[in-house]
Each structure stands twice: as C-alpha cells, then as structure tokens.
Amino acid sequence: MTQGFAGRPYDLDDLVPELAVLRRRTTLLLPKSGSPGVGESSLGGPVLWPADEPWPSCGQQGHWAWPDEKNPAGTVPMVPVVQLFARDVPELTFPEGTDVLQLLWCPLIHPQDQACAALPKLFWRTEADVLSTGTLQAIPSPQEGEYEEEFMPNPCTVSPTPVAEYPNWDLPQELRQTLRPRIQELEERFGMDYTLLACALQNKVGGYPAWNQPPDWPLCARGHRMEHLLSITPEEDLDMDMGDLGGVYVFLCRACPELPYTHRYDC
Ligand SMILES: [Zn+2]
Ligand SMILES: [Zn+2]
C-alpha cells in the first residue's frame, strides 16, 4: 500500500474535479529497517545532538510502562523518533536559520496527557552549529521498565517522497455525500478503498494528518489553527504498534514567533 501510493496510475484531479481544490502536498517518509547514521534523516535513528546540551529526559509524575500502572517510572531519557534534514524534505519550510528537525518523545504512558500517549518534544537545529560544537557521544537510553514497547521505534532509514493527497476525515461531510456514488465507482474500478486511493495514512510530513478518527485540529494558545507538521503511524518496519490503528500527529503554529507545537493521538 505505502509504496504503491507514491506511483499511483490515476489522477484524482481529473477523475473527481471537486477534490482538486482540497489537494495537498505531503512528503511520505517510507521507512525501512536499517542503521541510519547520525547525519542522516531517519525514523528511530540516532540524532545529531550538541555536546553542550544535556540529553532530554521526562520526569512526568505517574508515567508508567505496562503492566506497572501502580509502580510509575522515575525520570527517564527520551528516545529519538524523527530526524529530518532540510535537504531531504525540500517541501517542508524550516524556521529561518535551521535545517534539522528532530522529534523525541518519552516512551511511557502519560495519564495526564490526552489518550495517554507518548510525550513528543520538537527541536529545530542548524547542522553546521551542532557540528562546530561537537556532538553528544553518550546518549542514554531507557532501561527495562522505563519504556512501552509500542513507543520505541525500530531504527529506519527513510526515502522522502513528495506526493499529492486528498482529505480523509477532513473531507467536508456535505461533499462526502455528494461524491459518494462517484467514489464508490472508483473504489470498484481500482479495487481499493477511498483511503487507499486518495489518502496517505502513513508516516509523512505536511499534508493532512493521517488520523483514523474525526479531525481534532488544535489551536495554539493565541487561537491560531495549527498546521499539521508530521504524522507518525505504526508501520511494519518501524515496529511500533500504537494501539489498534492510532498514530501521533504533531502540529505547529508558524503565526507565533516561538513556534509552539502540540500533538494529537488516536487509537
Ligand atoms: Zn514521560
Ligand atoms: Zn499561534
């Protein structure tokens, strides 16, 4: 499914012109199990971390790993989830002066968080600056009992591939009704569901969130609707099984100078 989407042999703009205005660009990450280097874009791989900056940890009270709900963990090191270099994702706008995006999270269950997901933290960096100060060599990793298996991504290389996609849950209800007969016809013709025909429900940057449930777009503290930055979803190579179908979706507000971000999770 994931590979096929990038090279689909039909043009939905032609087949369903009403969808054309809702088309968005997204960059599929297409993770593959491997040994990415610290200077490469990756999912779950090592990240370029400045030697003079302590590795982040999470000490949120009550966070726990299955089955120890009654016996919460203490402070645990966060784990790398995503690293993307600007040169690999040309369609992503990096904040001025930065060219590396890093997402780490605490791989535990957080009772205070909506849906108890892993707790993501986002960093924007400048590769040359990190290289000039030197990189942190000894990066701690969580020990037994300090992580949830499903929040520990397997190291994967990525093959960022820009494609067009169309909304899934973000398709307005009325339009969904109107288009239903034509979409059904296409589903039969191509032998796949609309979500496979039109939507990239996978690891990606930009475009529509890969959510499996009704949209829950966050607003920043000043009331701006945030933009979808990236989706992390379970895929075989990534070896994460975040609930039945769920993913973690990270959102960013570019209207606020401090670039606030937040996340959503569905399961
Ligand atoms: Zn935590
Ligand atoms: Zn804002």
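**Exercise 1.** Decide whether Asp 13 is buried or exposed in this predicted model, then find its salt-bridge partner.

*Solution.* Start with the area: Asp 13 has a relative accessible area of 18%. Buried means under 20%, exposed over 50%, and partly exposed in between, with a 1.4 Å probe and protein chains only. Asp 13 is therefore buried. Next, look for a salt bridge, that is, a side-chain nitrogen of Lys or Arg within 4 Å of a carboxyl oxygen of Asp or Glu. Asp 13 makes one with Arg 23, and the closest N and O atoms are 2.5 Å apart. Helices (H or I, at least four residues) and strands (E, at least two) are DSSP runs, numbered from the N terminus. Arg 23 itself is partly exposed, at 37%.

A note on the model: it is predicted, so local features need pLDDT of at least 70 and side-chain atom pairs count only at pLDDT 80 or more, while totals for chains, interfaces and linings use all residues. Residues are numbered from 1 along each chain as its sequence is written, chains are lettered from A and ligands numbered from 1 in the order in which they are written, and side-chain values use heavy atoms, leaving out hydrogens and water.

**Exercise 2.** Find which residue meets Glu 53 in a salt bridge.

*Solution.* The partner is Arg 125, at 2.9 Å from N to O. Now locate the two: Glu 53 is in the loop between strand 3 (42-43) and strand 4 (57-58), and Arg 125 is in strand 8 (residues 119-125), 72 residues apart. In total, the structure holds 10 salt bridges.

**Exercise 3.** Work out how the rings of Trp 211 and Trp 217 are arranged.

*Solution.* Rings of Phe, Tyr and Trp (its six-membered ring) pair if their centres lie within 6.5 Å; planes under 30 degrees apart count as stacked, over 60 as edge-to-face and the rest as tilted. The structure holds 11 aromatic pairs. In one of them, Trp 211 and Trp 217 are 5.6 Å apart centre to centre with 90° between the planes, an edge-to-face arrangement. Both count as buried: Trp 211 at 2% and Trp 217 at 14%. Together with Tyr 249 and Phe 251, they form one aromatic cluster.
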